[in-house]
Amino acid sequence: MKSTRTRWAAHVAAWQSSGLSQSAYCRRQGLSLASFGYWRRQLRTDEPDANVPVTRALVPIQVASAPVSLSSPWVEVCLSNGLRVRLPGLVDQASV
């Protein structure tokens, strides 16, 4: 019996070689598009791209002065990978 991970890995590989969109592939195979997307992300994180170095480290950031808005409950930092970090709005810049 195939494991769930193995079964989804086979679907992802078949989709990649099919030339179909994800939704079209899932319709043809009777799969949930949401489940397919979940497993595609899970499998992608299992095998990092050999051409992209993986670095996990804290890096210093510089907080530019900006007018403080008392109407905003947080300060939001948007990273290039889409990740957003929210901090309480009236946080001291030195503590960031």
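## Basis of the model

This is a predicted model, in which local features need pLDDT of at least 70 and side-chain atom pairs count only at pLDDT 80 or more, while totals for chains, interfaces and linings use all residues. Residues are numbered from 1 along each chain as its sequence is written, and side-chain values use heavy atoms, with hydrogens and water left out.

## Overall architecture

The protein chain has three helices and two strands, and along the sequence these follow the pattern α-α-α-β-β. Helices (H or I, at least four residues) and strands (E, at least two) are DSSP runs, numbered from the N terminus.

Of the 96 residues of the protein chain, 14% count as buried. Buried means under 20% relative accessible area, exposed means over 50%, and partly exposed lies in between (1.4 Å probe, protein chains only). The chain exposes about 8000 Å², and carbon and sulfur atoms supply 55% of that area. Accessible areas come from the Shrake-Rupley method with a 1.4 Å probe; for residues, only the protein chains shown count as cover. Among contacts (heavy atoms within 4.5 Å) between residues at least 6 apart in sequence, 32% join residues at least 24 apart.

## Histidine 11 and its surroundings

Histidine 11 belongs to helix H1 (residues 4-18) and is buried, with a relative accessible area of 15%. Its side chain makes a polar contact with the side chain of tyrosine 25 (2.9 Å). A polar contact is a pair of N or O atoms within 3.5 Å; within protein, one must be able to donate a hydrogen and the other to accept it, and residues adjacent in sequence count only if both atoms are side-chain atoms. Leaving aside neighbours within four places in sequence, histidine 11 is in contact with Tyr25, Gln29, Leu31 and Phe36.

Tyr25 is one of the buried residues of helix H2 (residues 22-29), together with Ala24 and Cys26. Just after H2, glycine 30 takes a positive phi of about 70°. Not counting residues up to four places away in sequence, leucine 31 touches Trp8, His11, Tyr25, Cys26 and Phe36. The C-alpha atoms of leucine 31 and histidine 11, 20 residues apart along the chain, are separated by 9.5 Å.

## Aromatic pairs

The structure holds four aromatic pairs. The rings of tyrosine 38 and tryptophan 39 have centres 5.4 Å apart and planes at 85°, so this pair is edge-to-face. Rings of Phe, Tyr and Trp (its six-membered ring) pair if their centres lie within 6.5 Å; planes under 30 degrees apart count as stacked, over 60 as edge-to-face and the rest as tilted.

Tyrosine 38 is partly exposed, at 40% relative accessibility, whereas tryptophan 39 is buried, at 16%. The C-alpha atoms of tryptophan 39 and histidine 11, 28 residues apart along the chain, are separated by 9.4 Å.

## A nonpolar surface patch

Leu79, Leu83 and Val85 make a nonpolar surface patch of about 230 Å². Patches are made of residues with over 30% relative accessible area and no salt bridge, with like charges joined within 9 Å and nonpolar side chains (Val, Leu, Ile, Met, Phe, Trp, Tyr) within 5 Å. A salt bridge is a side-chain nitrogen of Lys or Arg within 4 Å of a carboxyl oxygen of Asp or Glu. Valine 85 lies in strand S2 (residues 84-88) and is partly exposed, with a relative accessible area of 34%.
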